[in-house]
Amino acid sequence: MCTNQSALLINLVAQHPLYDENGNGPHGTAERPGWANRDLAAAGEKVRGGFHCHHYDEEDEKFTKPYDLKYCTNMEVGETYEVHWPHSSVGYCGTVNQYQTPFYDGVFCNLSMEQFAAIAVDPQNIASNVCVHGQVFTVVNDESFFYPDMMRGMIIDEKRNMGTDIHYYTGSTTGTSRNNEMCSQYAPITWQVDRQCHMISASSFDKLCHDMLLRVMT
């Protein structure tokens with residue numbers, strides 16, 4: 001069902017415990033909290049570390065050599081980042097308004113009154129129309145890990161086992177207003193998350209940030 005992409009989100013360090021407190025990055029990793037609850041930082045606050053992949057090697061230059069990012073901000077070689085690609089059959093798919101912010105606008109912007117009523121009767125209708133692809137990366141300064149079009153969705157590369165080992169589960173939308181006290185009202189959502197963590201070049205992310213900025217300006 002995940003065919004019509006409606007938004008794209010990038011998170012510093014992984015939210016999902018497939019990538020754990022035993023991983024590492026340039027600034028170490030976070031201790032595992034009571035229920036892996038990682039609050040998002042408010043404006044001006046220092047970003048708190050979360051789960052990391054196991055690729056980082058401080059003696060390998062590709063994890064430590066800075067990359068001159070021209071479009072991405074607050075991104076660092078060697079760190080772990082999780083990317084979410086929300087998809088929806090009730091967004092403005094195939095139009096110039098396909099990618100929207102806030103997230104909920106993009107996912108539900110073309111919802112009819114009949115579909116609203118159907119969701120009120122059976123929340124499964126959300127899961128049948130909305131899903132999220134998730135993939136986790138360690139950023140490296142190595143062009144052999146360049147992928148030019150992250151904007152279009154999860155990377156599928158069978159030679160590197162990217163997007164081939166997927167965990168499917170039912171969850172909800174996420175965001176700064178959602179935590180273990182305040183649940184999302186948009187549930188259930190179908191999640192499809194790559195079980196493995198992959199290395200990707202900093203230039204791949206810079207190209208993604210460039211493409212995202214073009215969307216904002218058009």
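**Close-up views of a predicted model**

**View 1. Ser203 and its contacts.** Ser203 touches Tyr67, Glu143 and Phe146, leaving aside residues up to four places away in sequence. Contact here means heavy atoms within 4.5 Å. Ser203 sits in helix α4, residues 202-217. Helices (H or I, at least four residues) and strands (E, at least two) are DSSP runs, numbered from the N terminus. Ser203 is buried, at 8% relative accessible area. Buried means under 20% relative accessible area, exposed over 50%, and partly exposed in between (1.4 Å probe, protein chains only). This is a predicted model, where local features need pLDDT of at least 70, side-chain atom pairs count only at pLDDT 80 or more, and totals for chains, interfaces and linings use all residues. Residues are numbered from 1 along each chain as its sequence is written, and side-chain values use heavy atoms, with hydrogens and water left out.

View 2. A disulfide is a covalent bond between the sulfur atoms of two cysteines. The rule applied here asks for a pair of cysteine sulfur atoms within 2.5 Å. By this rule the count is 2 disulfides. In one of them, the sulfur atoms of Cys53 and Cys197 are 1.8 Å apart. The torsion about their S-S bond is about 90°, so this disulfide is right-handed. Cys53 lies in the loop between β1 (9-12) and β2 (80-88), and Cys197 lies in strand β5 (residues 189-201), so the pair ties together parts 144 residues apart in sequence. Cys53 is buried, with a relative accessible area of 1%. Cys197 also counts as buried, at 14%.

**View 3. The disulfide of Cys72 and Cys209.** The sulfur atoms of Cys72 and Cys209 are 2.0 Å apart and form a disulfide. This link is right-handed, with 100° about the S-S bond. Cys72 is in the loop between β1 and β2, and Cys209 is in helix α4, so distant parts of the chain, 137 residues apart, are linked. Cys72 is buried at 7% relative accessibility. Cys209 is buried at 13%.

**View 4. The nonpolar cores.** A nonpolar core is a set of buried Ala, Val, Leu, Ile, Met, Phe, Trp, Tyr and Cys residues joined through side-chain atoms within 4.5 Å. The largest has 21 residues, of which Val83, Phe137, Val139, Met150, Ile155, Ile200 and Phe205 touch the most other members. β2, β3 (130-140) and α4 each supply at least two residues of this core. Helix α4 gives the most, with 4 residues. A second, separate core has 11 residues, including Leu111, Ile119, Ile126 and Val130.
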